[in-house]
Amino acid sequence: MEASARKRELDTRESEIAIKVPGFVYRLPQISQVLDLRRVCVLVRKPESTMSSLLRRGWFSDDVLKAGDITWPNRFDTVVPAPHWVPRDRLTEWDSMTERDRAALYYITQTELMAAVPAKMVVFDYQQMISQPRALLELVAGRLGLAFGPCTDTLLNEVTVQDSTSRFDLKTVRKEFANRVPEVYAQATSHCVKL
């Protein structure tokens, strides 16, 4: 997370390499195929919490997107640069979307999973992870065929429930997004491993 690895450091058969790729969930089938991933974890978070966090960070404001403060691969055929995850059929609307609409669209594109989740993919719930980290991660590790390492206990002891985020009101986004967000969340959580 804090440094870039050289290819020779990643090219090892003696290590397990974990890569965090936020913003690319919609590309998981292609990424899995190209990189021949053996295991994929997807973390599902409540929409209100996710969108509140996005708004606090200001990622989708016109100013931040125009300034390039967030490093997305962007498309520049819109007045406000459109991140790579914006569906092509939404590009004509991107400039007129509110920051809240963009946060909702991001949530939809990054939470919507394929109808049939591949066997190598483990989906789990963020709320359950922070409320029962050891039990959930033991279950996930078992599904992935992994064992806890020497740092696991230290890391698990650092998992805490964060301060609650303000409630995101879905009535403040486009109706089609307001309707789609709960559907996408319900579909994603239906794939979550259960304790």
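Which backbone oxygen lies 2.5 Å from a polar atom of the side chain of Thr78?

Author: It is the backbone oxygen of Val80 that lies 2.5 Å from a polar atom of the Thr78 side chain. Please keep in mind that the model is a predicted one.

Let us begin with the position of this residue. Thr78 belongs to the loop between β2 (74-75) and β3. Its relative accessibility is 14%, and buried means under 20%, so Thr78 counts as buried. Leaving aside residues up to four places away in sequence, Thr78 touches Leu91, Trp94 and Asp95. Asp95 is 17 residues from Thr78 along the chain, yet the C-alpha atoms of the two are separated by 6.7 Å.

Trp94 counts as buried, with a relative accessibility of 0%. A cluster linked by ring pairs consists of Trp59, Phe60, Trp85, Trp94 and Tyr106. The chain has five aromatic pairs by the rule applied here. In one of them, the ring centres of Phe60 and Trp85 are 5.5 Å apart and the planes stand at 75°; the pair is therefore edge-to-face. Phe60 lies in the loop between α3 and α4, while Trp85 lies in the loop between β3 (82-83) and α5, so this pair ties together parts that are 25 residues apart in sequence. Phe60 is buried, with a relative accessible area of 1%. Trp85 is likewise buried, and its relative accessible area is 1%. Trp85 also pairs with Trp94: their ring centres are 5.8 Å apart and their planes are at 85°, so this pair too is edge-to-face.

Arg102 lies over the face of Trp94, at 4.7 Å from the ring centre.

Arg102 brings us to helix α6. This helix covers residues 99-111, which makes 13 residues, and spans 18 Å from its first C-alpha to its last, close to the 18 Å expected at 1.5 Å a residue. Eleven of the 13 residues are buried, so α6 is largely enclosed by the rest of the structure. Among the buried residues are Arg102 and Tyr106, together with Asp101, Leu105, Tyr107 and Ile108. The buried residues of α6 pack against β1 (40-44), α3 (47-57), α4 (62-67), α5 (91-94) and α10 (175-189).

Helix α3 is mostly covered, with eight of its eleven residues buried. The cover over its buried residues includes α6 and α10. Glu48 and Ser52 are both in the list of buried residues of α3, which also includes Pro47, Met51 and Leu54. Ser52 is found in this helix, and its relative accessibility is 5%, so Ser52 counts as buried. The Ser52 side chain reaches the backbone oxygen of Glu48 at 2.9 Å. An α-helix has 3.6 residues a turn, so residues three or four places apart point the same way. Just after α3, Gly58 takes a positive phi of about 70°.

Finally, consider the chain as a whole. The chain contains ten helices and four strands. Along the sequence, these elements follow the pattern α-α-β-α-α-β-β-α-α-β-α-α-α-α. Of the 195 residues in the chain, 38% are buried. Among contacts in the chain with a separation of 6 or more, 64% are accounted for by residues 24 or more positions apart. The accessible surface of the chain is about 12,500 Å², and 51% of this area belongs to carbon and sulfur atoms.

Trp94 in turn belongs to the aromatic cluster and has Arg102 over its face.

Definitions and conventions. Residues are numbered from 1 along each chain as its sequence is written. This is a predicted model: local features need pLDDT of at least 70, side-chain atom pairs count only at pLDDT 80 or more; totals for chains, interfaces and linings use all residues. Side-chain values use heavy atoms; hydrogens and water are left out. Helices (H or I, at least four residues) and strands (E, at least two) are DSSP runs, numbered from the N terminus. The expected span of a helix is 1.5 Å times one less than its number of residues. Buried means under 20% relative accessible area, exposed over 50%, partly exposed in between (1.4 Å probe, protein chains only). Contact means heavy atoms within 4.5 Å. Accessible areas come from the Shrake-Rupley method with a 1.4 Å probe; for residues, only the protein chains shown count as cover. Rings of Phe, Tyr and Trp (its six-membered ring) pair if their centres lie within 6.5 Å; planes under 30 degrees apart count as stacked, over 60 as edge-to-face and the rest as tilted. A charge sits over a ring if NZ of Lys or CZ of Arg is within 6 Å of the ring centre and within 35 degrees of the ring normal. A polar contact is a pair of N or O atoms within 3.5 Å; within protein, one must be able to donate a hydrogen and the other to accept it, and residues adjacent in sequence count only if both atoms are side-chain atoms.
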